[in-house]
Amino acid sequence: PRAHPNTQHTQTPSAGMDLEVRGYHVGNQKVYALINLVSDDVAKAEATGFDDAHIDVFKQLLAMLSTNGDHKLPSQELEACKGRPSNAKFHAFLEDLSKKHWLEEDHDEYTFGPRTYLELADNLRASNVEIPQIIYLS
């Protein structure tokens with residue numbers, strides 16, 4: 001199904017947070033996401049549920065995908081980011097990232113997932129990655 005992004009900026013001064021509501025359509029259903037625009041340690045830990053080591057690997061994965069022309073890479077090439085964990089643990093991590101929509105997998109080839117486009121759009125733009133106007137959810 002196609003997802004059409006629609007962004008509305010909202011600030012909550014009392015909490016000192018900078019939040020943005022981003023919405024998209026999936027079929028006939030409107031889905032909203034509340035995005036914390038402040039990238040602090042609490043936001044990072046709560047957003048992913050991953051520890052620092054996993055977050056570092058995820059950043060490396062995003063950097064690799066950002067520098068590849070079509071932003072797609074097979075899992076074998078992504079293994080360069082895995083560090084010390086076994087291949088099985090690394091592939092379980094890739095699967096978890098896919099289940100949580102941070103990455104999308106198609107025939108063992110990975111690319112950015114809809115959650116990455118929604119929540120990490122500024123990071124992707126800083127890496128010269130074009131953010132699509134239509135996000136496809138699988």
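Ser98 touches Leu103, Glu104, Glu105 and Tyr110, leaving aside residues up to four places away in sequence. A contact here means heavy atoms within 4.5 Å. Ser98 sits in helix H4. Ser98 is buried, at a relative accessible area of 19%. Buried means under 20% relative accessible area, exposed means over 50%, and partly exposed lies in between (1.4 Å probe, protein chains only).

**Basis of the model**

This is a predicted model, in which local features need pLDDT of at least 70 and side-chain atom pairs count only at pLDDT 80 or more, while totals for chains, interfaces and linings use all residues. Residues are numbered from 1 along each chain as its sequence is written, and side-chain values use heavy atoms, with hydrogens and water left out.

pLDDT is the predictor's confidence in each residue, from 0 to 100. The chain averages 76. At least 70 is reached by 71% of the residues. Residues 1–14 stay under 50. For that stretch the model has 51 contacts beyond four places in sequence.

**Overall layout**

The chain has 6 helices and 8 strands. Helices (H or I, at least four residues) and strands (E, at least two) are DSSP runs, numbered from the N terminus. Along the sequence the pattern reads β-β-β-β-α-α-β-α-α-β-β-α-α-β. Of the 138 residues in the chain, 33% are buried. Among contacts with a separation of 6 or more, 43% link residues 24 or more positions apart.

**The sheet**

Three strands form an open sheet in the order E5-E7-E6, with antiparallel pairing. E5 and E6 stand at the edges with a single partner strand each, so one side of each has no neighbour in the sheet. Two strands pair if DSSP finds at least two bridges between them. E5 (residues 73–74) and E7 (residues 109–112) are joined by 2 bridges. E6 (residues 103–106) and E7 are joined by 4 bridges. Both E5 with E7 and E6 with E7 run antiparallel.

The table lists bridge partners by residue.

| Residue | Partner in E7 |
|---|---|
| Leu73 | Tyr110 |
| Leu103 | Phe112 |
| Glu105 | Tyr110 |

E6 and E7 form a hairpin with 2 residues between them. His107 is in that turn, with a positive phi of about 55 degrees.

**Helices on the sheet**

Helix H2 (residues 52–67) lies across E5, E6 and E7. H2 runs at about 95 degrees to E7. Axes are lines fitted to C-alpha atoms, for helices over the stretch in contact, and angles run from 0 to 180 degrees between N-to-C directions. Helix H4 (residues 87–99) packs on the sheet and touches E6 and E7. The direction of H4 makes about 110 degrees with that of E6.

How do the axes of H2 and H4 cross? They come within 12 Å and cross at roughly 75 degrees. H2 and H4 are therefore roughly perpendicular to each other. By angle, under 35 degrees counts as roughly parallel, over 145 as roughly antiparallel, 65 to 115 as roughly perpendicular and the rest as oblique.

On the H2 side, the contact is made by His54, Val57, Phe58 and Leu61. They meet Phe90, Phe93, Leu94 and Leu97 in H4. By class, this contact has 7 nonpolar residues, 1 polar and no charged. Ala, Val, Leu, Ile, Met, Phe, Trp, Tyr, Cys and Pro count as nonpolar; Asp, Glu, Lys and Arg count as charged; the others, Gly among them, count as polar.

Ser75 lies in helix H3 (residues 75–78). Ser75 is buried, with a relative accessible area of 1%.

Most residues other than glycine have a negative phi. His71 has a positive phi of about 60 degrees although it is not a glycine. His107, also not a glycine, has a positive phi of about 55 degrees.

Where do these histidines lie? His71 is in the loop between H2 and E5. His107 is in the loop between E6 and E7. His71 is buried, at 18% relative accessible area. His107 counts as exposed, at 73% relative accessibility.
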